[in-house]
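Hello! Here are some notes to read alongside the model.

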Amino acid sequence: MKIYRPSDTCFDEMKRRMNRRALPEDSVRDTVNAIIRDVSVRGDEALFDYAARFDKAHLDSSSLFVTEAELAEAEAMVEESVKEAIAVSLANIHYFSDRSRRRDWSGVNAQGVEVAERFLPYDRVGIYIPGGKAPLVSTSIMTGGFAQAAGVREIVAATPCGPDGRVNPALLYALKASGATEIVKIGGAQAIAALALGTESVRPVEKIFGPGNRFVVEAKRQLVGAVAIDLLPGPSEVMVLADDTADAEFLAADLLAQGEHGPDSVVVFVTTSKALLEQVEAEVERQAALLSRGSIIREVLDKHAYGFLVSSIQEGVELVNAFAPEHLVLVTRDEEAVLNGIRTAGAIYAGSLSTVACGDFLAGPSHTLPTGGAGKSFSGLRADQFQRRTSVVRMDRNAVLNSAPYVAEFARVEGLDAHNHSIQVRAARVDR
């Protein structure tokens with residue numbers, strides 16, 4: 001972990017570098033653009049070629065999708081304890097979703113016009129589940145579970161298979177439990193292209209959800225318009241803001257928990273306490289040596305781990321808002337007052353006992369959150385993102401007569417006389 005103190009000549013420069021925007025690298029943008037064009041032209045054949053190239057899997061039209069037999073086999077293989085954990089997490093997701101889902105409403109404006117909003121679930125959505133060495137079972141339910149709670153009828157999951165053409169059984173079970181109606185064995189930017197544009201076998205979806213690596217995130221960015229997206233959730237990251245009331249062992253554990261996701265994870269520790277900074281640094285080293293994914297964590301600590309000693313909690317808050325972390329662990333005095341100053345974090349874990357791992361797996365809010373500074377523009381995944389909003393306007397005689405003079409003024413200023421005519425012809429009829 002690289003440590004920066006106010007006495008360091010590079011301190012202010014490193015703070016400025018923490019002020020991020022989620023912008024793609026040129027090489028990533030070009031690579032993804034080529035993949036999207038390829039999938040749009042060659043369809044299924046492009047998907048099969050990418051599966052062979054990146055996943056060493058030899059797929060064809062008969063093995064592109066997970067079958068009912070594969071789902072049944074997966075269910076039989078999953079331990080009951082895992083099934084219970086999935087069920088408990090899904091129940092919490094549904095509880096949280098029910099409270100954050102938008103609901104229909106109606107009212108009457110000052111001119112007597114009835115105005116309303118209707119919220120209906122999308123008909124067909126795509127959810128992306130990253131591959132890799134760790135089967136992200138929780139991501140299945142933290143995306144699909146929200147679609148399920150919102151009432152989406154068709155939930156198409158995309159996740160890469162292994163060289164044997166199979167998907168982790170627990171991941172398959174979680175997807176089925178979360179309401180997935182189709183599961184396609186493709187990952188990467190090519191999966192996003194297939195979901196957005198369609199191929200001979202994959203019917204396009206209306207909106208795409210879920211996290212991924214920088215190529216997946218860039219594919220979602222490029223395909224906005226052809227399809228809607230949730231947000232830009234890339235490699236995992238955590239930021240900790242703490243004072244001398246915090247427990248170093250707890251904080252180090254949270255930093256390492258996010259660091260183990262992959263070598264491109266980012267961990268940042270910000271504190272007002274010199275003693276705590278030194279304690280956390282020592283705890284990180286001690287605990288890292290005990291963990292099974294130590295080599296990945298070591299790479300993160302060497303390349304993407306930062307510690308800042310700041311002069312005040314307010315300076316720390318400013319650093320948090322500039323960085324816009326995916327996860328923020330907040331352990332300070334006057335916690336609620338500090339919490340009110342945080343504006344850009346995807347999720348906040350407030351208090352010494354609040355662990356990011358509970359949010360990742362169980363608590364109820366989705367762990368699909370904006371990364372790379374995208375929290376300045378996006379919020380985390382939530383139930384109302386699976387709803388399509390439609391406004392409704394209904395007018396009676398009085399509403400027409402009361403609105404007509406104001407419509408006439410706007411039409412005159414903008415030079416749109418047909419607009420004015422469309423209400424005046426009604427006003428003349430109802431005023432007889």
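In which strand does Y128 lie?

1. Y128 lies in strand β4, residues 124–128. Here strands (E, at least two residues) and helices (H or I, at least four residues) are DSSP runs, numbered from the N terminus. Bear in mind that this is a predicted model, where local features need pLDDT of at least 70, side-chain atom pairs count only at pLDDT 80 or more, and totals for chains, interfaces and linings use all residues. Residues are numbered from 1 along each chain as its sequence is written, and side-chain values use heavy atoms, leaving out hydrogens and water.

2. Y128 is buried, because its relative accessible area is 4%; buried means under 20%, exposed over 50% and partly exposed in between, using a 1.4 Å probe and protein chains only. Its side chain reaches the backbone nitrogen of G188 at 2.7 Å.

3. An unreviewed UniProt entry places the feature "binding site" at Y128, Q190 and N213. The three are spread over 86 residues of sequence but cluster in space, with a largest C-alpha distance of 12.4 Å. Please note that such annotations may be inferred rather than shown by experiment.

4. Q190 belongs to helix α8, residues 188–197. With a relative accessibility of 4%, Q190 also counts as buried. Setting aside neighbours within four places in sequence, Q190 is in contact (heavy atoms within 4.5 Å) with I35, V39, L47, Y50 and F54.

5. Helix α5 covers residues 80–100, and its 21 residues should span 30 Å at 1.5 Å a residue; the end C-alpha atoms are 30 Å apart, so the two agree. The expected span is 1.5 Å times one less than the number of residues.

6. Which residues of α5 are buried? They are K83, I86, S89, L90, I93 and S97. These cover an arc of only 130 degrees around the axis, so they sit on the same side of α5; the arc is that of the directions from the helix axis to the C-beta atoms. The buried residues pack against α4 (68–77), α6 (137–150), α7 (169–177) and α15 (356–361). On the face turned away from the buried side, α5 carries the exposed residues E80, S81, E84 and R99.

7. Finally, have a look at E315 in helix α13, residues 313–323. E315 is buried, because its relative accessible area is 13%. Leaving aside neighbours within four places in sequence, E315 is in contact with F11, K15 and V310.

Note on methods:
A polar contact is a pair of N or O atoms within 3.5 Å; within protein, one must be able to donate a hydrogen and the other to accept it, and residues adjacent in sequence count only if both atoms are side-chain atoms.
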